[in-house]
Amino acid sequence: MSSKVIQAMYTDDDVLMSAVKKVRQENHHIEEVYTPFPVHGLDKAMGLAPTRLAITAFMYGCVGLAVATTMMYYIMIVDWPQNIGGKPSFSFIENMPAFVPIMFEMTVFFAAHLMVITFYMRSKLWPFKEAENPDPRTTDDHFLMEVAVHGGNEEELTALLLATGATEIKVTDKKH
Amino acid sequence: MYTFSNRLRLFAIISMILGGILVGVSFATTPGSVEEMKAHEAAHGHGGHGEEASHDDGKTAHHDDHKTDAHATNDHHGETSHDDAHASEGHHDAGAGHHNSAKHDEHKLTQLQNKPWAAIYIAAFFFMMISLGVLAFYAIQRAAQAGWSPVLFRVMEGITAYIIPGTISIIILLVLCMPSLHLNHLFHWMDPKLVDPDSEIFDTLTYGKKAWLNVPWFLIRAVIYSAIWVAYRQLSRKFSLRQDDADDNSNFKKNFRLAAIFLVLFLISESMMSWDWIMSFDHHWFSTLFGWYVFASMFVSGITVIALVTIYLKSKGLLPYVNDSHLHDLAKFMFGVSIFWTYLWFSQFMLIWYSNIPEEVTYFVTRIEDYNLPFFGMIALNLIFPLLILMNSDFKRLNWIIVIAGTVILFGHYIDVFNMVMPATVGPNWSLGMPEIGGILFFLGLFIFVVFTALTKAPLLAKRNPFIEESKQFHY
């Protein structure tokens, strides 16, 4: 199995978008697209599945709510139900309004932080990670599309990519 | 152009007539004297109202027991507040009325007589509030130069047409509440005996507030608020229609400036309106964020009604340029403002619950004791249900989800107004019966009639709005 890819460089996001659509129409598999900024609608054009990050955040929020509720129920009602300034500590519900700010903040805290960590893990981002950038210009003003090469379609693919408006074409071994 | 469908017009008229009949019957069955009330209670012995009454007694008794248990560990504020609740509820009979059965009967009779009036007032206020909320939303869209909403402007203008009959009906009701007419005791502070130092029911607290709470100034204020809202609505509508045939954007710019001015005046007038028309029912009680709280309630109801009317018109094929992204945005507003409402509800409740100061806490003591289900059920209707159902981005694009969520939100905010008005006017004698349903039906019919008539008066798409093209292409 060859692991060669064609890297086509573009200088305009509109050209890139139409190129992505064209390449997908021709049934070529786009390995990756590198852009210096989010290109609106690129994920849809590439046919990427929608993110499930929001669903994880909802579940993390539920965990946070459960943690806050259990913690305060145990500490304030079960373990040592003191009379603090006349607040009723007989049952959780009687003293609940006082717990709501903490319940809310914990829900937000868990949802936000765990979702961010999930994002880092799923995107494989961490400190000292080696950058995977094939060309430094893609962080500035160039867009790069990587298309896998299968067997002898290299020339045909190059022609197609040039026709879509690519400014540079490079065939390299796939690194990542 | 939209034509008022005959079926909807018929529905509106039937709703008004049926509502009028129900309200009329409930006025006719209201006891006129203590004897009549007693006879009525005896006749219905252990069924219907009798059961309800005994149920209430049971509840109060239970709470009295509870008071000795729970409040015993509490400090003295708890006790005082509890007594204070009964005193203010007992129409300033200095606490004696609680044990004095003649006074107690008279007190109950007053509350029963207030009931149909309060029911009409709540329904009138609720529908006026919806159209006022839409007016505020509309002005915000204009002032913010929103690019997504201009395709909905005509729908909003249609709904705000109700502001005229809405404020008029409220003013008529306020006039009918004047004590000189002897019709009801909704606004108890209006009773001249309370501010008369020689009277036996002289009330120092009310006396201290009489510079603000006096009938002429109260009615003048009501007219001023209404005039501000109606004037903005009429002018904005005029400029909006003129913009359709204009050669330049001068009308659009006028509308922009007008919206900015209106929003300043609106926030002031709305806040004062909420003190006058809602908070003064509990004239011994005060809360600083009350204006915002009422605003959040009207804002979310207004946005919900925009969404519902839009869905209705779209289902008739009349709004081809409105896509599911517009509905998604409206649903997002419904979701966000529902949370905002809850934030204010909780902020008001929790601060007062936490500090438990007698003069403030009576408000919630009466509500938790006598209105437990509506008071807390409101949270399920206005927060939990919309929160869970409208959180999903895909759900916000589905018409039937928005309709269900919208119906629940509207019912929840009706209950919200109910909770603000009823405890001070009818006390524990509340129910969701004939007068309440009649009031809702009557004003619902009027609302539908006025709104959909206004919708027939202009094309449903604003033509020369500078943002209309962006709005038509809007997608999220």
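Which strand of chain A does E1(A) pair with in the antiparallel sense over 6 bridges? That partner is E3, residues 143-148 of chain A. Strands here are DSSP runs of E of at least two residues, helices are runs of H or I of at least four, and both are numbered from the N terminus. Two strands count as paired if DSSP finds at least two bridges between them.

Before going on, the conventions. This is a predicted model, in which local features need pLDDT of at least 70 and side-chain atom pairs count only at pLDDT 80 or more, while totals for chains, interfaces and linings use all residues. Residues are numbered from 1 along each chain as its sequence is written, chains are lettered from A and ligands numbered from 1 in the order in which they are written, and side-chain values use heavy atoms, leaving out hydrogens and water.

Back to E1(A), residues 4-10. Within the E3(A) pairing, A:Gln7 sits opposite A:Glu146. E1(A) is also joined to E4, residues 168-173 of chain A, by 6 bridges, again antiparallel. There A:Val5 faces A:Thr172. Of the 7 residues in E1(A), 6 are buried, buried being under 20% relative accessible area, exposed over 50%, and partly exposed in between, with a 1.4 Å probe and protein chains only.

Next, the interface. Contact means heavy atoms within 4.5 Å; by that criterion 13 residues of chain A meet 10 of chain B. The two chains bury about 930 Å², 71% of it on carbon and sulfur atoms. Buried area is the accessible area, 1.4 Å probe, lost when two parts are put together, summed over both. On the chain A side, A:Phe58, A:Lys87 and A:Pro97 lose the most area, together 46% of what that side buries. Helix H4(A), residues 96-123, gives the most residues to that side, namely 4.

How many salt bridges are there between chain A and chain B? The count is 0. A salt bridge here is a side-chain nitrogen of Lys or Arg within 4 Å of a carboxyl oxygen of Asp or Glu.

Chain B has 17 helices and 0 strands, and 54% of its 476 residues are buried.

The pair B:Lys38 and B:Asp105 has its closest N and O atoms 2.5 Å apart. B:Lys38 is in helix H2(B) and B:Asp105 in helix H5(B), so the bridge ties together parts 67 residues apart in sequence. B:Lys38 is partly exposed at 40%, whereas B:Asp105 is buried at 13%.

For B:Arg237 and B:Glu157, the corresponding distance is 2.9 Å. These lie in helices H9(B) and H6(B), so this pair connects parts 80 residues apart. B:Arg237 is buried at 10%, and B:Glu157 at 1%.

B:Asp282 is in the loop between H10(B) and H11(B), and B:Arg367 is in H13(B), 85 residues apart. Both are buried. Bridges with shared partners also join B:Arg142, B:Arg154, B:Glu157, B:Arg237 and B:Asp244 into one network.

Last, a glycine. B:Gly439, in helix H16(B), is buried at 1% relative accessible area. Leaving aside residues up to four places away in sequence, B:Gly439 touches B:Val23 and B:Ala123. Its C-alpha is 10.0 Å from that of B:Ser15, 424 residues away along the chain.
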